[in-house]
Amino acid sequence: MEVAHCSKSDNLNKAMAMADKAVSSGADIVVFPELFSTGFCYEEISDLAEEAPYCTILKLLEFSKRMECVVIGSIIEKQSHSDDYAYYNLGFCVEHGILTGVYRKSHPFKKELNFFTAGNSIHPIALEKYGLTIGLEICYELRFPEVARKLALAGADLLVTAAQFPNPRRHVWRTLSLARAIENQIPHVACNLVGSSPTSSFFGGSIIIDAAGNVLAEADDAECVIMHTINTENTAKVRSAMPVFLDRRADLY
């Protein structure tokens with residue numbers, strides 16, 4: 001989706017309309033791009049950031065309960081620290097009306113470091129109804145193979161990347177999205193922005209990849225919904241045929 005800079009209400013309404021379209025067409029899991037409700041609205045960060053229980057997530061909880069689905073994305077969070085606030089890029093996963101887990105971006109990128117505090121925990125999020133575990137990473141973290149590998153080793157069944165990857169790095173985005181799936185033998189759903197912000201333009205390129213590295217669906221540079229069925233049972237077959245995890249030398253690295 002394209003995100004209107006600093007326009008939380010408009011963005012949330014659009015996101016929920018697109019999610020409704022996806023779920024009505026059979027989707028069980030909906031993934032939004034990074035900071036889909038606000039963009040990197042530094043100039044209004046104090047006003048747009050949310051404290052628990054997070055008004056945006058509350059609306060998505062109601063939606064996910066009514067539509068019986070999972071919704072994944074990230075928002076700007078603020079936490080009160082003495083006489084000031086700390087801000088985080090908060091990844092979240094809601095399932096059928098329940099907040100099943102959160103993840104705070106642990107690798108803020110360049111200017112983000114001036115505004116966001118880095119999270120200090122990398123862990124997968126367990127879904128209850130679907131019996132799946134989600135490994136969530138955010139944008140820049142696609143460049144850190146250690147993040148996806150840690151999530152895979154911790155039992156993630158599905159890797160999800162929510163991003164605002166800008167032009168002109170589409171080839172980097174696609175290459176790394178494929179690499180994270182192939183090297184970890186894990187299905188990967190990577191959702192990126194389209195359109196523009198005050199400082200960047202975005203190529204889209206959202207992509208769904210299976211555990212063998214096959215591209216199942218891929219978007220262009222326009223707003224759209226892409227969908228595909230992911231067979232998580234195929235992961236075991238892929239890992240059996242190419243036993244990367246069994247052949248790892250944990251004594252060396």
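1. The largest pocket is lined by 38 residues, and those that lie nearest its centre are A27, I29, V30, I208 and I226. A pocket here is an open set of points on a 1 Å grid over the protein atoms alone, with protein on both sides within 12 Å along at least five of seven lines; a cavity is a set of points where a 1.4 Å probe fits but cannot get out, and lining residues have an atom within 4 Å of a point. About 810 Å³ of space lies in this largest pocket. Grid points are joined across faces, edges and corners, and a volume is the space filled by probe spheres set on the points.

2. This is a predicted model, in which local features need pLDDT of at least 70 and side-chain atom pairs count only at pLDDT 80 or more, while totals for chains, interfaces and linings use all residues. Residues are numbered from 1 along each chain as its sequence is written, and side-chain values use heavy atoms, with hydrogens and water left out.

3. Which elements supply at least two residues each to the lining of the largest pocket? They are α1 (8–24), β1 (29–31), β8 (188–191) and β11 (207–209). Of these, α1 gives the most, with four residues. Helices (H or I, at least four residues) and strands (E, at least two) are DSSP runs, numbered from the N terminus. By class, the lining of the largest pocket has 27 nonpolar, eight polar and three charged residues. Ala, Val, Leu, Ile, Met, Phe, Trp, Tyr, Cys and Pro count as nonpolar, Asp, Glu, Lys and Arg as charged, and the others, Gly among them, as polar.

4. The second largest pocket has a volume of about 530 Å³. It is lined by 21 residues, with F40, F109, E112, T199 and S200 the closest to its centre. Its lining divides into nine nonpolar, five polar and seven charged residues.

5. The structure holds one cavity of 30 Å³ or more, and the volume of the largest cavity is about 50 Å³. V3, H5, T38, G39, F40, Q164, L193, S196 and S197 line the largest cavity. Three of the lining residues are nonpolar, six are polar and none is charged.

6. T38, one of the residues lining the largest cavity, is found in the loop between β1 and α2 (45–48). T38 counts as buried because its relative accessibility is 1%; buried means under 20% relative accessible area, exposed over 50%, and partly exposed in between (1.4 Å probe, protein chains only). Leaving aside neighbours within four places in sequence, T38 is in contact (heavy atoms within 4.5 Å) with V3, A4, H5, C6, K8, N11, L48 and I76.

7. Y42 is also found in the loop between β1 and α2, and is buried with a relative accessible area of 14%. With neighbours within four places in sequence left aside, Y42 is in contact with K111, E112, F115 and F116. Y42 and K111 are 69 residues apart along the chain, and their C-alpha atoms are separated by 9.8 Å.

8. Is D221 buried or exposed? D221 is exposed, with a relative accessible area of 53%. It lies in the loop between β12 (215–218) and α6 (234–241). D221 touches R170, V194 and F203, not counting residues up to four places away in sequence. D221 and E2 are 219 residues apart in sequence and 9.8 Å apart in space, C-alpha to C-alpha.

9. Two peptide bonds deserve a check. A cis peptide bond joins A52 and P53, with omega about 15°; P53 lies in the loop between α2 and α3 (55–67). Another cis peptide bond joins N167 and P168, with omega about 5°; P168 has its place in the loop between β7 (158–162) and α5 (170–184).

10. E68 is not a glycine, yet has a positive phi of about 55°. E68 is found in the loop between α3 and β2 (70–81) and is exposed, with a relative accessible area of 53%. Phi of C139, a residue other than glycine, is also positive, near 50°. C139 is found in the loop between β6 (133–138) and α4 (145–153) and counts as buried at 7% relative accessibility.

11. As for the chain as a whole, there are seven helices and twelve strands, and buried residues make up 51% of its 253 residues.
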